[in-house]
Amino acid sequence: MKKNAPWANVYMAVILLLLYLPILVVVLFSFNSNPGRTANFQFEGFSLQWYQDLFNPITGYGAPLRSSLIIALWSVLLSAVLGTLGAIGLVRRPVRKSLMGRGAAALMTMGEQVSVLPIMIPEIILGIALLALFTLLGLPFGMVTLVLSHVVFCVPYIYITVKGRLASLDPGLEEAARDLGATPLKVLTTITLPLAMPAVISGCLLAFAMSMDDFVISFFVNGPHSNTLPLKIYSSVKVGVPPHVNALCTVMLAAVFLVVGFSQLYQANAARRHRAHEKRDERERKAVEGRA
Amino acid sequence: MTAPTKLDKHQRTREPLAFPMMLYAVLFVGLSLLYIAGLSVMTRGADFTAGAPYGLHNYERIISPLYLKSLLQSLRLAFYTALFCMLLGYPFAYFMAKASPKARTWIMMLLIVPFWTNALIRIYGWKILFSSSGPINQALLGVGLIQQPLRLLYTDFAVQVGMIYAMIPFMVLPVYSSVERMDWSTVEASRDLGATPLKAFLTVTLPMTLPGVLAGLVLTFIPSIGLFFLSDLLGGSNTMLWGNMVHNELLKSRDLPFAAALSVVLLGLTGLVILIYRRMGGRAESMVF
């Protein structure tokens, strides 16, 4: 495999620059003292006033952020249970020969396909369908309908991630535990779940991001007293170009960079520790061999 | 063959664990979509209700120049979005997979971070860039390329750029994971056997990374039809995409059955795209990375 040519790196840099262009503009303008209410975006001077606006107890972003976090946490929690159990139940499906067995298998396949459907159809359809269903059921629109809806699209992310991990595991591990007399529950809690955990966590992170970012579905199923962060942002940018949105974006970006940076640092550290352990083990092994 | 049957039996006892997930999906996805299909053949009543008479009148209403124009506009926009995402995103993903492991982690991080910030805010950045006194116009005026500010904001062009921008990670990520998994020795073998770099790419690399490209095309095409907020924020008054139609019928006209019929048409289109995707060998798993 050959290395990239210099122009290939230039190409990547240009695409990344374009990807960051609107974000850099937003960050720059978050410090602009020009209020720019009428789409007038000249940069006039440095100011931090838009950051103060974010913390306004009535028009600020504290309350929507809080409800977004609550909704995301509940949705991810519920989806993690449903999705992980689903993946454990459906990985390595047994081959069935009897007519009834085949019928049951077909039903299971259908159930699986309906479960992953939400990531394949446009969000607006799901939004309207859920709005109609909740109206039919007479559920009051609010936090409950938001969580119920977010679980719908969070489950597939966790299910697919966990199932992929389980399928790559050696089935011999579970078999060995069973042969040694572990009950099915014990196999599940001591072998399968711990091995699946990294995938459960990365699936949960993905689902959390999707829940925090969701606008379209929340737009249809939110209630009069529930306002999520994306909904609040939409109502702000829909009517005009309020400069405090720039400040909000900068804060969110900084938060994401911090989280991603720390996780990278953590992973690099873990890898270094792992290498150090290996080296020490190697030294000890050699020492033992030397003595022998 | 005793081992597989023992494994089968063990797995069969675990199948019921999937029932809660399936039950949830059948109730909130299956039933709600069926309910939408049912609503689409009803007539609107007072106060957001629906009922008799039943018939296909909502669908008859859709077959009119207004809605057909919107449908064509949406499909064209989605088509160009998928096409440009592929043309721009494939080389990016390819080079990224070939970069050193350290560079790869950095590029991946830079690619994912904007994706974690809210989509609305990223679109808002384009609103500033495109505005008549915004950075693009000022730069063009500054170097003397134009005498008067260009009208960029609230045009179809702005919507198209915003859509490609919002969708490109969904092309790069699946293509990247298929390039990364590729066995490079096959490319080397074709080169050793005398293939030119272009021929090796077209006959070996491209077919082997096709699953990623297909997943990327579906992931960029389908959402583009329904993202109504993008044309809301960047588009002009004559940019009426299918998503905007559905949104307006539901929340402005409050005509639930008609909005349901519009959604069923979109659902049909989506089904068609997924069917083609499946026929070409695509799997749902390729859509999550």
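Reader: What should the 25 residues of helix H8 (residues 156-180) of chain B span at 1.5 Å a residue, and how far apart are its end C-alpha atoms?

Author: The expected span of a helix is 1.5 Å times one less than its number of residues, so the 25 residues of H8(B) should span 36 Å. The end C-alpha atoms of H8(B) are 36 Å apart, which agrees. The model is a predicted one, in which local features need pLDDT of at least 70 and side-chain atom pairs count only at pLDDT 80 or more, while totals for chains, interfaces and linings use all residues. Residues are numbered from 1 along each chain as its sequence is written, and chains are lettered from A and ligands numbered from 1 in the order in which they are written.

Reader: Where does H8(B) bend, and which proline follows?

Author: H8(B) bends by about 40° at B:Met167, and B:Pro169 follows within four residues. The bend at a residue is the angle between axes fitted to the seven residues ending there and the seven starting there.

Reader: How many residues of H8(B) are buried?

Author: A residue is buried if 20 or more other C-beta atoms lie within 10 Å of its own, exposed if 12 or fewer, and partly exposed in between, with C-beta atoms placed from the backbone. In H8(B), 21 of the 25 residues are buried, and the helix is thus mostly covered. Across chain B, buried residues make up 46% of the 289 residues.

Reader: How do you know whether chain B is spread out or a compact globule?

Author: The radius of gyration is taken over C-alpha atoms, and the globule rule is 2.2 Å times the number of residues to the power 0.38. For the 289 residues of chain B the rule gives 19 Å; the radius of gyration is 24 Å, well over that, so chain B is more spread out than a compact globule. Along its principal axes the C-alpha trace of chain B spans about 75 × 70 × 35 Å.

Reader: What does the globule rule give for chain A, and what is its radius of gyration?

Author: Chain A has eleven helices and zero strands. The rule gives 19 Å for its 292 residues, whereas the radius of gyration is 25 Å, so chain A is also more spread out than a compact globule. Its C-alpha atoms fill a box of roughly 75 × 65 × 40 Å along the principal axes.

Reader: What makes H6(A) largely enclosed by the rest of the structure?

Author: Of the 26 residues of H6(A), 20 are buried, so the helix is largely enclosed. Helix H6 (residues 143-168) of chain A reaches 37 Å from its first C-alpha to its last, close to the 38 Å expected. A kink of about 30° lies at A:Phe153, shortly before the proline A:Pro156.

Reader: How many residues does each chain bring to the contact?

Author: Two residues are in contact if their C-beta atoms, placed from the backbone, lie within 7 Å. The contact takes 82 residues from chain B and 79 residues from chain A. Helix H2 (residues 19-39) of chain B gives the most to chain B's side, with 15 residues. By class, that side has 56 nonpolar, 17 polar and nine charged residues. Ala, Val, Leu, Ile, Met, Phe, Trp, Tyr, Cys and Pro count as nonpolar, Asp, Glu, Lys and Arg as charged, and the others, Gly among them, as polar.

Key:
Helices (H or I, at least four residues) and strands (E, at least two) are DSSP runs, numbered from the N terminus.
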